[in-house]
Amino acid sequence: MSSLIIASCVILCCSFSSSFRLEKLGAIKWDKVVHGNQTWRLITCIWLHAGVIHLLANMLSLIFIGIRLEQQFGFSTLSVPFCSGSILSSLFIQRSISVGASGALFGLLGTMLSELLTNWTIYTNKAAALITLTVIIVINLAVRILPHVDNFAHIGGFLTGFLLGFVLLLRPQFGWVGRKHLPASARVTSKHKAYQYLFLVIAMVLLIVGFTMGLVMLFRGENGHDHCSWCHYLSCVPTSKWHCGN
């Protein structure tokens, strides 16, 4: 059984619908993270869910998205983007709790996109795969601009996973593995292409700067909305059918 499926079963044992119970068990609560020195909530929130539907939706997504990536790159590699999205959520969602593995799942979607881009030369039907994956990501982000959905965790998870994919999921360029069986004149001399190293360096810089700035802002008690007046629309768009509140 896939270790990611086992992780899903662990999530099942830690799923409660009561806000009080979720807070006690480790949901993200801004004041407790910042003023209560409970940084561990940035991780434990992933293993909690707001209800059965929330849980089942994430389990199904985890099975369809995670198994292929785990088979190709291993569980230990994917566990890094799986723990992403919580910092951005804490910066923008400060008046309520936040739980769920959706941000981590969007991190896996981000790694799928960057893995396709950085290993572009070894794939066939590249354009079709890129268009399909982009449409899936856009649709998933768009349907989550509803009330009571923490889309900041999704966006943070996606961006983190996207950048980590350039760092963790490099593959040798086409022809490297079988180079010993080719004539000397036709052998590939470099394991990776120059653009792969360029993507890796840029992604590393952005990750370090982004995480550093995010953590500094978080533990200084800053509100992300003070620096981005329109960002609330990324998580909820008011309509005649519902209101986003504060």
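This is a predicted model: local features need pLDDT of at least 70, side-chain atom pairs count only at pLDDT 80 or more; totals for chains, interfaces and linings use all residues.
Phenylalanine 199 lies in helix H11 together with tyrosine 195, and the two are four residues apart, about one turn of the helix.

Five aromatic pairs are present in the structure. A pair of aromatic rings is described by the distance of the centres and the angle of the planes. For phenylalanine 158 and phenylalanine 162, the ring centres are 6.1 Å apart and the planes meet at 15°, so this pair is stacked; the cut-off for stacking is an angle under 30 degrees. Both residues belong to helix H10, which covers residues 151–168, and they are separated by four residues, about one turn of the helix. Phenylalanine 158 counts as buried because its relative accessibility is 13%, under the limit of 20%. Phenylalanine 162, at 21%, counts as partly exposed. Tyrosine 195 and phenylalanine 199 form an edge-to-face pair, with 5.7 Å from centre to centre and 75° between the planes. Through ring pairs, Phe158, Phe162, Phe166, Tyr195 and Phe199 are linked into a cluster.

When residues up to four places away in sequence are not counted, threonine 118 touches Gly165, Phe166, Leu169, Leu170, Tyr195, Gln196 and Phe199. Threonine 118 and lysine 193 are 75 residues apart in sequence, while their C-alpha atoms are 9.2 Å apart in space.

The protein as a whole contains 11 helices and zero strands. Of its 246 residues, 41% are buried. Among contacts with a separation of 6 or more, 75% join residues 24 or more positions apart. The accessible surface amounts to about 13400 Å², and carbon and sulfur atoms account for 68% of that area.

The largest nonpolar core consists of 17 residues, and those with the most contacts inside it are Leu42, Leu91, Phe92, Phe152, Leu218 and Cys231. At least two residues of this core are supplied by each of helix H3 (30–34), helix H7 (86–92) and helix H11 (194–219). Cysteine 231 is in contact with Phe92 and Phe152, leaving aside neighbours within four places in sequence. A second, separate core has 14 residues, including Ile65, Phe73, Leu105 and Phe158.

Ile65 and Phe73 are also among the buried residues of helix H5, a list that includes Leu55, Asn58, Met59, Leu62, Gly66, Leu69 and Glu70. Helix H5 comprises 22 residues, 52–73, and at 1.5 Å a residue it should span 32 Å; its end C-alpha atoms are 30 Å apart, so the two values agree. At glycine 66, H5 bends by about 40°. Just after the helix, glycine 74 adopts a positive phi of about 95°.

Notes. Residues are numbered from 1 along each chain as its sequence is written. Side-chain values use heavy atoms; hydrogens and water are left out. The expected span of a helix is 1.5 Å times one less than its number of residues. The bend at a residue is the angle between axes fitted to the seven residues ending there and the seven starting there. Buried means under 20% relative accessible area, exposed over 50%, partly exposed in between (1.4 Å probe, protein chains only). Contact means heavy atoms within 4.5 Å. Accessible areas come from the Shrake-Rupley method with a 1.4 Å probe; for residues, only the protein chains shown count as cover. A nonpolar core is a set of buried Ala, Val, Leu, Ile, Met, Phe, Trp, Tyr and Cys residues joined through side-chain atoms within 4.5 Å. Rings of Phe, Tyr and Trp (its six-membered ring) pair if their centres lie within 6.5 Å; planes under 30 degrees apart count as stacked, over 60 as edge-to-face and the rest as tilted.
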